[in-house]
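Biologist: Pick one part of this model and take me through its packing, please. I'd like the cut-offs spelled out as you go.

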Amino acid sequence: MIITLNRPDITDAIKNLVPNVAYSLNGDEEITHWDLDNAGIAQPTDEAINAELTRLQAEYDAHDYARKRLAEYPSTKDFMEAYTEKEIGGDSTKWDTYIINYNKVRTENPK
């Protein structure tokens with residue numbers, strides 16, 4: 001699963017519907033030009049673009065828990081240090097703390 005960090009916008013919807021097609025947007029995110037001459041595909045309708053944007057937004061919202069977890073999990077550095085001390089040094093103090101913190105994030109941000 002790929003976690004999207006940024007809220008989807010019209011450009012994401014267009015890229016999903018007509019990949020590799022050039023277009024221009026004005027400051028209000030209105031399409032001002034399509035370059036479909038060599039693409040061999042039809043220009044998507046506003047309804048199709050809005051429907052895709054709605055689908056992408058629903059997908060984004062459904063993964064809110066994952067974005068929160070990603071930001072709060074202990075670091076990879078913490079993991080490596082704790083695991084190394086446990087396996088090589090025989091001291092599981094940092095490992096036990098890592099596991100507690102990891103599970104706390106999962107509990108506080110359920111799926």
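Modeller: Contact here means heavy atoms within 4.5 Å, and helices (H or I, at least four residues) and strands (E, at least two) are DSSP runs numbered from the N terminus. This is a predicted model, with local features needing pLDDT of at least 70 and side-chain atom pairs pLDDT 80 or more, while totals for chains, interfaces and linings use all residues. Residues count from 1 along each chain as its sequence is written, and side-chain values use heavy atoms, leaving out hydrogens and water.

Let's zoom in on H1 (10–17). Its buried residues (under 20% relative accessible area, 1.4 Å probe, protein chains only) are Ile10, Ala13 and Ile14. Seen down the helix axis, they fall within an arc of 95° (directions from axis to C-beta atoms), so they line one face of H1. That buried set packs against strand E1 (22–25), strand E2 (31–35) and H2.

Now for the partner helix. On the H1 side, Ile10, Asp12, Ala13, Ile14, Asn16 and Leu17 meet Ala48, Ile49, Glu52, Leu53, Arg55 and Leu56 of H2. By class, that's eight nonpolar, one polar and three charged residues. The two axes (lines fitted to C-alpha atoms over the stretch in contact, angles from 0 to 180 degrees between N-to-C directions) come within 8 Å and cross at roughly 110°. The helices are therefore roughly perpendicular (65 to 115 degrees).

Isoleucine 49 is worth a click: beyond its neighbours within four places in sequence, its contacts include Ile10, Ala13, Ile14 and Leu17, plus Trp34.

Terms used:
Buried < 20%, exposed > 50% of the residue type's maximum accessible area, 1.4 Å probe, protein only. Parallel < 35°, antiparallel > 145°, perpendicular 65-115°, else oblique. Nonpolar A, V, L, I, M, F, W, Y, C, P; charged D, E, K, R; others polar.
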